Amino acid sequence: MKKILILGAGTGGTIMANKLRKALDREEWDITIVDKNKTHYYQPGFLFIPFGIYNKHDVIKPKGDFIPAGVNIIYSDVDKIVGEENKVILEGGKVLNYDFLIVATGTQVDPSETPGLKEELWHKEIFDFYTVEGAVALREYFETWQGGHLVMSIAELPFKCPVAPLEFVFLADEYFTKAGIRDKVDITYVTPLPGAFTKPIATKMLGELLIEKNIKVIPDFYIESVDNKEKKIISYDGQEIPFDVLTIVPVNKGDDMIERSGMGDDLNFVPTDKYTLRSEKFENVFVLGDASNIPTSKAGSVVHFAAEILFENLLCAMKGRELRAKFDGHANCYIETGFGKGSLIDFNYTTEPLPGNYPLPGVGPFGLLKNTKFNHYGKVIFRWIYWHMLLKGKELPVDNHMTMAGKKSQ
Amino acid sequence: MAQKTIAGVNLEVSEEGYLADPTLWTEEIAKEIAKEENIELTEKHFEVINFIRENAEAGLTIRKIGKSGIVDIKGFYGLFPGGPLKISSKIAGIKKPASCV
């Protein structure tokens, strides 16, 4: 019996388990998936918790519900991967051998990387919304907040879901407007990037939206530390920004296990061929999603598109053939812009987000780089698609490769 | 793309002044670009610039330079005030670093 081992039962690992079990003969291939947690989080939903739109129960389900019959699931922390010997050692010493390994251990926030961040104000007046605990604590804070300086800060690149902090400030604008205290709240968006987003055309569109909503942007701010006494953030070049409440995207890092395995870069992301999705170090190891260092967004949509490519290439590798499929870095992100509207961007390694329609040229129904009600419905309905179709590896009616159809070049 | 004469050499540069072809870079060119940024290059600057040129392909971040063993992040800001990664990349003759999120 040959063995496929998947580390991580998040979005990527779960999709792969479903695809592979369906495709491979059970007499021939044994499939095992390992994860340290039993809870599957619908992470795009975290953003809505601080504003009371979702609650905790809307975003959690048992991981086991999404792993198909015929796949072994082990709940355990991983000590390390020993790629030279084709084995993984679990916490406690149990050894799992593999013929092929898929690393899908994602990215986590690590507030301890920024001095002063995880100290006395943590989850009291300083919050992240990339954990369910942070998002829930922030909701409780916002419920009775009287207003003041709200500072949204990004600590380091890359980070998971690069549009989330923008969506956060748009939704905050709506939330405090409806609470009747928007005139008492000033919102500042602080980023290490030179503008609202990385790519020029989207930056212009989103930048204009920020101005329209009276949200101040402070670009090129690279945070060094947080001063809990004076309540301010300080950059490496000595700029200071005071806050009453700080919401932050802490430094993102790959799993500690990657570091223990000696397989990561300086942020524990695994060096990966950006086209084939194979590890640069081991021929029988593939890396899916946020855990890799490929130069595209760390996001569920990317994982979903990449899973198809990885699946095809894994089949090639099993037969000892050249890897045939090439990933193009396709990302597709809904951007909540507040007041029941949303925008949408679709891009890849080489093409920046452009205006147009998606997925059908001229028809849509979604508008690229437009601010529409329909885009918002796309985001709302996506939660259902995620639980019922995406995780189970079912075909969605969109292309894995980005297409220029429906896009307008500038 | 535009043409620009730097240190007596006619070069192709981007709208923001980044060299189109990193292989044409010389220390003289670096000094002249630095002068436009009001920076007088020292040996320490050149150590950082060489690190940047050697690691340009793999992609650079401020954090990575802070871990280079040459300067820490604060020191990097001290050498190239304002936008250290952008300014040092321009002086090092490599393309403008793109954030790929």
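Strand β2 (residues 29-35) of chain A pairs with β5(A) in the parallel sense over 5 bridges, where strands are DSSP runs of E of at least two residues, helices are runs of H or I of at least four, and both are numbered from the N terminus. Two strands count as paired if DSSP finds at least two bridges between them. Within this pairing, Ile33(A) has Ile73(A) of β5(A) as its bridge partner. The model is predicted: local features need pLDDT of at least 70, side-chain atom pairs count only at pLDDT 80 or more, and totals for chains, interfaces and linings use all residues. Residues are numbered from 1 along each chain as its sequence is written, while chains are lettered from A and ligands numbered from 1 in the order in which they are written.

The two strands belong to an open sheet of 5 strands in chain A, with the order β5-β2-β1-β9-β20 and parallel pairing. Its edge strands are β5 (71-75) and β20 (285-287) of chain A, each of which pairs on one side only. From one strand to the next, the twist averages 20 degrees; angles run from 0 to 180 degrees between N-to-C directions, and axes are lines fitted to C-alpha atoms, for helices over the stretch in contact. Helix α1 (residues 11-23) of chain A packs on the sheet and touches β1 (2-7), β2, β5 and β9 (100-103) of chain A. The direction of α1 makes about 165 degrees with that of β2(A). Contact here requires that the C-beta atoms of two residues, placed from the backbone, lie within 7 Å.

Further along the sheet, β1(A) and β9(A) run parallel and are joined by 4 bridges, and Leu7(A) stands opposite Val103(A) in β9(A). A residue is buried if 20 or more other C-beta atoms lie within 10 Å of its own, exposed if 12 or fewer do, and partly exposed in between, with C-beta atoms placed from the backbone.

Chain A as a whole has 7 helices and 24 strands. Of its 410 residues, 47% count as buried. Among contacts between residues at least 6 apart in sequence, 65% join residues at least 24 apart. The C-alpha trace of chain A spans about 65 × 50 × 40 Å along its principal axes.

Chain B meets chain A through 14 residues on each side. On the chain B side, the elements that give two or more residues are α3 (62-66) and α4 (73-79) of chain B. By class, that side has 6 nonpolar, 4 polar and 4 charged residues; Ala, Val, Leu, Ile, Met, Phe, Trp, Tyr, Cys and Pro count as nonpolar, Asp, Glu, Lys and Arg as charged, and the others, Gly among them, as polar.

Within chain B, the axes of helix α2 (residues 43-55) and helix α5 (residues 84-91) come within 9 Å and cross at roughly 85 degrees. The contact is made by Val48(B), Ile49(B) and Ile52(B) of α2(B) and by Ser88(B), Ser89(B) and Ile91(B) of α5(B). By class, this contact has 4 nonpolar, 2 polar and no charged residues.
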